[in-house]
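The sequence and the structure come first.

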Amino acid sequence: MDPTTDNAGHTGDAAGARSSLEALRAEIAKAVVGQDPAVTGLVVALLCRSHVLLEGVPGVAKTLLVRTLAAALDLGTKRVQFTPDLMPSDVTGSLVYDARTAQFSFQPGPVFTNLLLADEINRTPPKTQSSLLEAMEERQVTVDGTPRPLPEPFLVIATQNPVEYEGTYPLPEAQLDRFLLKLTIPLPSRQDEIDVLTRHAAGFDPRDLRAAGVRPVAGPADLDAARVAIAKTTVSPEIAAYVVDLCRATRESPSLTLGVSPRGATALLSTSRAWAWLTGRDYVIPDDVKALALPTLRHRVQLRPEAEMEGVTADSVINAILTHVPVPR
């Protein structure tokens, strides 16, 4: 296959794609301080053509992270602030009557973009939350019986406040399972927070990424080339069995009422392959599976109330499983 070139001038060969995607971290660091794990997770999700749930308290640069990622990848992005009165048509678009032509025409909603930031998705009722389901799963929107395809690439990055915040509608298990990864955005370390303040004191404006020096270092052609290479990444029978054993162990855990489904096992295999390719290998090793187990599985399990009261978390259960399930040699 001949290498292709996108609008930003990036060639779509596998080696060039890897180096371009590796350059994303440095480019995003021009605007966002100390969020390397989240950046890596977002790149993995793009390579797997699936979606991400970001969780963190307000003010930890979730929105800035998504805007900077879009700028560094030369992709379009839109933001929807989810509120209790938001309607599904506010997300997907609707038919609008044009008095001049006496006809209805479709007015696309913000979902028609490459990176959709669904901000505080758990602030809006389930009816509006579910308006994203078809877009996420089918990559299209159906209005008045007519399906309309979404751009490629298309990624929903939904943010949510921690569940203990008031006025939230927890996402149901079926919708959580549609997200490939759940990434937690922690509060910055002391030094990172000092760096943030130093940048702002020097005149950094988060609304002007161009002035911060952020420029496209990768593009859609790089993502396409990477996906072709990832599809050729070898998965041994032992690694496939290891993924299955990890997921089956969650279903048998006494701390959980809901374990990881077969869809979750497929997701873990996909993210492990993407991570293996990003780190320069064309085969998956157990460390790849371990590296992606927490973000891929933590939102696919449900704790028993008594375990939750004892301070058990989804992450602690998964970490214990990673410790006890035999690792293939």
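## What counts as a cavity

A cavity here is a set of grid points where a 1.4 Å probe fits but cannot get out, and its lining residues have an atom within 4 Å of a point. A pocket, in contrast, is an open set of points. The model to which these terms are applied is predicted.

## The cavity

How many cavities of 30 Å³ or more does a search of the whole structure find? The search finds 1. About 40 Å³ of space lies in the largest cavity.

The lining of the largest cavity is made up of L246, T250, A293, L297, I318, I321 and L322. Two or more lining residues come from each of helix 10 (237–251), helix 12 (286–297) and helix 14 (314–324). Helix 14 gives the largest share, 3 residues. By class, 6 of the lining residues are nonpolar and 1 is polar, while no charged residues take part.

## The second largest pocket

The second largest pocket has a volume of about 550 Å³. The elements that each give two or more residues to its lining are helix 3 (62–73), strand 2 (77–81) and helix 8 (190–201).

In total, 26 residues line the second largest pocket. Those nearest its centre are G59, V60, A61, K62 and L64. Which classes of residue make up this lining? It has 12 nonpolar residues, together with 7 polar and 7 charged ones.

## The chain as a whole

The protein chain contains 14 helices and 11 strands. Its radius of gyration is 21 Å, close to the 20 Å that the globule rule gives for 329 residues, so the chain is as compact as a globular protein of that length. Along the principal axes, the C-alpha trace spans about 70 × 45 × 45 Å.

## Burial, contacts and surface

Of the 329 residues in the protein chain, 47% are buried, where buried means under 20% relative accessible area. The accessible surface of the chain comes to about 15900 Å². Carbon and sulfur atoms account for 54% of that surface.

What share of the contacts between residues at least 6 apart in sequence joins residues at least 24 apart? In the protein chain, this share is 79%.

Conventions:
Residues numbered from 1 in each chain as written. Predicted model: local features only at pLDDT ≥ 70, side-chain atom pairs only at ≥ 80, totals over all residues. Heavy atoms only, no water. 1 Å grid on protein atoms, 1.4 Å probe; cavity = no way out; pocket = protein on both sides within 12 Å on 5 of 7 lines; lining within 4 Å. Points joined across faces, edges and corners; volume = space filled by probe spheres on them. Helix = DSSP H or I, 4+ residues; strand = E, 2+ residues; numbered from the N terminus. Nonpolar A, V, L, I, M, F, W, Y, C, P; charged D, E, K, R; others polar. Rg over C-alpha atoms; globule rule 2.2 N^0.38 Å. Buried < 20%, exposed > 50% of the residue type's maximum accessible area, 1.4 Å probe, protein only. Contact = heavy atoms within 4.5 Å. Areas by Shrake-Rupley, 256 points an atom, 1.4 Å probe, with all protein chains shown as cover.
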